[in-house]
Each structure stands twice: as structure tokens, then as C-alpha cells.
Amino acid sequence: MTEQIRDGGCQCGAIRYRITGEAAFAAVCHCAMCRRAHAAPSVAWAMFEESQVRFLADRPKTYASSAEARRGFCPICGTQICFTASFIPGLIDIAIGSLDQPETLSPTLHYWDSRRLPWVHIGDDWPRFPELPPAG
């Protein structure tokens, strides 16, 4: 059995990455910070161990969006790539939309659904958590 490999990067191609192995989970986040950072009503993320993700050339520039969190983006085109935080040590969220083949990694739940915009109605039957899902 071969290990899953996924590649991705930013819109201009300056940031490229390779992920080896499976995601711990994938989800749609509805929090206000993700909305603002991506200028979108919600963001699909896949979480990996930091050791699974290798940046192939340049690394994303980071912005401290809160005392606990850093968001990685391309300094040239602005594409949002990743998210790390002190409350998820050793883990990194990768924006599913930055994958070369985002259709191969489907979210399975929603979190921060309590912050979902009232006009957003996504017709799936995935579990919805008002804040973060329970750990474990």
C-alpha cells in the first residue's frame, strides 16, 4: 500500500507544499477570523501533523491573527495556505482550496457553526459543532 501524497500551493506558484499521509480530519470552519482572513463565508481545512507537510521552496509569510494563532499566506499573491495555533501544538491546518486536487479531500464536519452567516445553507448531513469539536 502506498502512502497518500498531496501537493498544493498558492495562486501565483511562489508557495508550493507536499503533504504525506492522511489528514487527522477535515472540516468547514465558520468563525469570523477565518471569514475575514479568506474573505469568504467559510473555509474548508484539513488538519495534519506538522511533520507531514513540507514546503518545497519558499515558506508562507505568517500573520498572528490572535495571541494563540498564526495564519500562513503567500506574500506575493495573498493566497491563504495554513493555520497553526498554540491550542493545537504540532498540528497544521491546510486550506483545502489550496490543494492541487481539492476534490480528493472532503470535509466531514462543521465547526464554529454558531458563527455561521445566517444566509449560508450548506446541504450536507455532516455534524455541526457550535464551537470547536471535542478533542479525541
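Trainee: In the hairpin of E8 and E9, which residue takes a positive phi, and how many residues lie between the strands?

Mentor: Gly90 is the one: its phi is positive, near 80°, and 5 residues lie between the two strands of that hairpin. Before we go on, remember that this is a predicted model, where local features need pLDDT of at least 70 and side-chain atom pairs count only at pLDDT 80 or more, while totals for chains, interfaces and linings use all residues. Residues are numbered from 1 along each chain as its sequence is written, and side-chain values use heavy atoms, leaving out hydrogens and water.

Now the strands themselves (DSSP runs of E, at least two residues, numbered from the N terminus). E8 covers 80–85, and E9 covers 91–95. They pair (DSSP finds at least two bridges between them), here over 2 bridges in the antiparallel sense.

Look at E4, residues 43–49: it runs antiparallel to E9, and 5 bridges join them.

How covered is E9? Of its 5 residues, 4 are buried, meaning under 20% relative accessible area with a 1.4 Å probe, protein chains only.

A pocket is an open set of points on a 1 Å grid where a 1.4 Å probe fits, with protein on both sides within 12 Å along at least five of seven lines; lining residues have an atom within 4 Å of a point. The largest pocket holds about 620 Å³ of space. It has 27 lining residues, and among those closest to its centre are Phe87 and Ile88. E9 is one of the elements that supply at least two residues of this lining, but E4 gives the most, with 3. The lining has 20 nonpolar, 2 polar and 5 charged residues (Ala, Val, Leu, Ile, Met, Phe, Trp, Tyr, Cys and Pro count as nonpolar, Asp, Glu, Lys and Arg as charged, the others as polar).

The second largest pocket has about 200 Å³. Its lining includes Cys82, Thr84 and Ile92. E8 supplies at least two of the lining residues, while E7 gives the most, with 3.

Conventions. Points joined across faces, edges and corners; volume = space filled by probe spheres on them. Buried < 20%, exposed > 50% of the residue type's maximum accessible area, 1.4 Å probe, protein only.
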